[in-house]
Amino acid sequence: MANYSYIPWIPLLPLICFVVLGIFGRKHIGNASGIIGTLSLAVSAVLSLIAADQYFFVDGKLNGVYQKITAFKYVWLEFAPNLSIDISIVLDPVSVMMLVVVTFVSLMVHLFSLGYMKGEERFATYYAFLSLFTFSMLGLVMAGNLFQVYMFWELVGVSSFLLIGYYFEKPSAVAASKKAFIVTRFADLGFLIGILIMAFYGKTLDISTLIQKLTAVQSAEYTGMATAGFLGVSVLTWGLTLVFVGGAGKSAMFPLHIWLPDAMEGPTPVSALIHAATMVVAGVYLVARLFPVYSIDAAALTVVTWTGAFSALLAAVIACTQTDIKRVLAYSTMSQIGYMMFALGVARQGGEEGLGYMASMFHLFTHAFFKSLLFLGAGAVIHMVHSNEMKDMGGLRKQMPVTHFAFLVGCMAIAGVPLLSGFFSKEEILLAAWHSNKLVYGVALFTAALTAFYMFRLYFSIFWNKDAQAHHADKHGEGTMSMKLPLIILSILAIGAGYIPFSHFITSDGSVLETHTDIVFSVAPVVLSLLAIALAASLYRKQNDKPDKIAKAFGGLYKAASRKFYMDELYLFITKKILFPFVGQPIAWIDRNIVDGLMNGLASATASVSAVIKGLQSGKVQAYALYFFGGVAALAVLFIYLWK
Amino acid sequence: MNLSLLIVLPLFTAVIILFCKGFKQVRAVALAGSLAQLAAAGWLLMQYLNERNAGNKSVMLFEEKYNWFRNLHIDYHIGVDGISIAMILLTASVVVAGILVSWTMDKLSKEFFFLLVLLSMGAYGFFISLDLFTLFFFLEVAVIPKFLLIGIWGSGKKEYSAMKLALMLMGGSALVFIGLMGIYFQTGSFDLLQASQSHLPVEAQKFFFPFAFLGFGIFAALFPFHTWVPDGHASAPTAASMFLAGISMKLGGYGCLRVATFLMPDAAHQYAWIIILLATIAIIYGAFATMMQTDLKYINAYSSVSHCGFVILGIGMMNQTSINGAVLQMVSHGLMTALFFAAIGMIYSRTHTRMVAQLGGLLKVMPFISTLFVIAGLCSLGLPGFSGFIAEMTVFMGSWQNPDGWYRFATILSCASIVVTAVYILRAAGKTVMGPIPPEYNSLPDAAWNEKLAAIVLVAGIVLVGVAPFLLNQLITPGTENMMMQIGKAITQK
């Protein structure tokens, strides 16, 4: 095997950074923390690129098929023989791709934050948390053991919590961070039980062994899982669906998506990294990791498909009505992840049927670039106008030329305008859906049009619409070079990433899948998207009252969508009105009054008995004499009667 | 290695404290004594590992046996395996931290530190005893100081709490004693190893097991005998809370495992469903009850009820993995909850309130203490990298190996508690250390050196177990394997 001994340094550098900055940063390192964090991550990113080059072009292939290479493995916690959490680093096409995406986007965010977060009191802490997140995410994507995935899964969750709550004095940020953690924790419960099921029946936690055992023809493990059932559903479906619940929570799929829009309370570069490009696609990644197993269970894949498709549509509808620019982007993220999800759902393992798998990973790859670009662009805008609301923006194209250009590129890419990266990946997804399920295709097509509409609504509202307000032209201008540079680099990638012959590198079975762009097929989506862009331009390019009129015409639907279909209210109702008063409070009351009452009752009963006995020992001779004679009398009576 | 050192050191320290003049001398001696204990515990660990690496396969190492009371076959018999050593290390760490946290306790300091040291002696003696009578003796030594510590140095309804705690624990001891008597009269000996070899008649086991298990269970906050925990903790001074939750509750868990289950495995197996039922109730019920608490100490006390439920659950599931998990959870909970109480004590001593509603934004003025609070919280909700994750996951994994449908159901409910835990921890942390800070707290000082040192000892333990769990796992596994051999025989006979 080739030399991959440098790979552990990729996650280790951010970990070291976290420890050093976390302990010494605030007092001793101060403003140099940003530079230290950025430089160390740059090394990680370079190492990742070297690894990708080595894997894809030098020694990843064996007989024309990409192999899984275990670069590192250590038995970390042994539960039982063959059942252990191993800390391992596994290289395969998907994990190497993720390695590059995570380190690269993280590097861009580190760079951007140098300018964006300048002057913050807890600057060093911010970089420590960013490093922690990067470390956890890297550990997650390179994991070869299902429980290892879960561990790093929890760690990215907590990094996300810490970063959303970065402005800890703001009650809304605290509430958002708690919500994000608790909702994803609830989903992780499903993941955990899913792991317990898979481990029990598959008798291993190692992902490749698990896949091998379950996909082998008529293996004991497969038969065991397929025949054992619970509530009429096979254990295999239960296990896979529960694991997917965990994925759905992290990836903000309906109905577990409610945390994502609120998570925008965190600093904007954090949203770009965690809540757009990397952590939220972990659910997609998880399903992709276990894909050979999913593909033998049609029921579980159906759940994946429809959860994805419905979330894509729902989020796109809501996105059309939001006025906070970060929330629009958050819903668009949810919608795009829905795309990746159903693309996996319609795919099967191997060959032509694996198109959806390839398309999903491709979209994950391109999305990471254009979505982080959009978020960083939004960050630059917010940095300038000090507001998240569209109404405070408008006409910014002259003051922010670089941001304007970058944001336009991002919008075109996500809208699927031909020749930009999003176009290529979205086409593959639509094609996969078309070949598998026409209804899913219809939903996807409609969502694509909606996407183009709301993204250009966003674009025109920020950069055109009304004239720039006076206070915008203030002192710090468009931002520092460290903020502009990532925008430029990411713009180039948002345009160019689609030209990578993705199907040569990442497919469901590791061998090359020949794809060809079908011009006739592309007509419908492209025309629809262009029409939607034209509609957005007519409504939002100049200030007018048409949008309000349309909103009124939709009436209840518009209101429901702008209130996010009352999902938050529903959750609040369940927790505040049902769980707390009907479960928590009764238990607390029962404990204080019944259970403890019983114990106290026992004590006071003992005390009163002893009080009675104590009363007998009064120390008065007359009383004792009385007891004595009474006793003698009683005994005498007893004897007399007994003797008879 | 002379194991008796672990009893002699605290005894010696306690005696010197009695002759000290002034509060500064007292605390210096107490600290020196506790550091010596920690060093002895570390030395013991080294010796133990050396012996094991050299191929020593005895069940117990460093055994010492002296005749104590010949007529009743009572011996002073001590020895250790990996499980006891884990408990000893836990005790030593909590003792050092507890004494450091009490560095400024100048009210009746001589008596205070004397009692703390005495309590630690009871704990060490308990963990190394191989004779049931000496084990019981040390258990009692560890109970009495608690009553005084709460009654004299406590706060709030301290007389009521002290009385309640002492009465319930005494009641537990009485039950334990009946159980031990049963074992003694069946086997004719108080010797733990001997008793484990001589198979007790199943009928006798079925009669005496409930006494022993419930008795120890009261110490380990077994539902519904947990009600001494919240009141006791809430009234206790910080160090006493730390000792109580970090050490004392472990006496119960250790006893349930080492005495009740190990010596009477048939009965344990038959009553397993009751044990699991009570444990599951404790886990879920404790978690929901915690959610409703408004006082930081009550929060941690109720969460201890929930977390100690995992220990009982692991024992009740009766397999190698779950019992490993139970031991890991004892160590983890001991460190974590001591840290939690330490952090709460530090907050209380500055703000003079423990009510969550009155606190806020402490991260701004006391980043160190707030970080401790958050670390303890994250450990409690089972975040990887801290000990709680390791212990809980081992218990879950072990429990799931039990294919019975109802046990699976119990396991799922127990897993669900991790969500409730997240809710109450984040609610407490979100209000206490995050959010806007009330103006009156704006000039409060952060941790002093002694507090920092205490915290570092505990955090180091939590992180070490969390990051390198294989170390602790290797330490305890020979011990649990040996127990499982006895228990396994009982199960397979069915």
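At what angle do the axes of helix 4 (residues 109-128) of chain B and helix 5 (residues 132-153) of chain B cross?

Before answering, I noted that this is a predicted model, in which local features need pLDDT of at least 70, side-chain atom pairs count only at pLDDT 80 or more, and totals for chains, interfaces and linings use all residues. Residues are numbered from 1 along each chain as its sequence is written, while chains are lettered from A and ligands numbered from 1 in the order in which they are written.

**Entry 1: helices 4 and 5 of chain B.** I found that the two axes cross at roughly 155° and come within 8 Å, taking axes as lines fitted to C-alpha atoms, for helices over the stretch in contact, with angles from 0 to 180 degrees between N-to-C directions. Helices here are DSSP runs (H or I, at least four residues), as strands are (E, at least two), numbered from the N terminus. Helix 4 and helix 5 of chain B are therefore roughly antiparallel, a term for angles over 145 degrees. I listed the residues that meet, among them B:Phe112, B:Leu115 and B:Phe126 from helix 4 of chain B and B:Phe138, B:Lys146 and B:Trp153 from helix 5 of chain B, where contact requires C-beta atoms, placed from the backbone, within 7 Å. By class, this contact has 16 nonpolar, three polar and one charged residues (Ala, Val, Leu, Ile, Met, Phe, Trp, Tyr, Cys and Pro are nonpolar, Asp, Glu, Lys and Arg charged, the others, Gly among them, polar).

**Entry 2: helices 18 and 19 of chain A.** I then looked up helix 18 (residues 421-436) and helix 19 (residues 438-463) of chain A, which pack at about 155° with their axes 8 Å apart, and which are therefore roughly antiparallel to each other. Their contact includes A:Ile429 and A:Trp434 of helix 18 of chain A and A:Tyr441 and A:Leu445 of helix 19 of chain A, and its residues divide into nine nonpolar, one polar and one charged.

**Entry 3: chain A against chain B.** I read that the contact takes 34 residues from chain A and 39 residues from chain B. Strand 3 (69-80), helix 5 (146-164), helix 6 (171-202) and helix 24 (567-616) of chain A each supply at least two residues of the chain A side, and helix 6 of chain A gives the largest share, twelve residues. That side has 24 nonpolar, three polar and seven charged residues.

**Entry 4: contacts of B:Ala342.** Leaving aside neighbours within four places in sequence, I found B:Ala342 in contact with B:Ala97, B:Val101, B:Thr238, B:Met242, B:Ala454, B:Ala455 and B:Leu458.

Key. Parallel < 35°, antiparallel > 145°, perpendicular 65-115°, else oblique. Contact = placed C-beta atoms within 7 Å.
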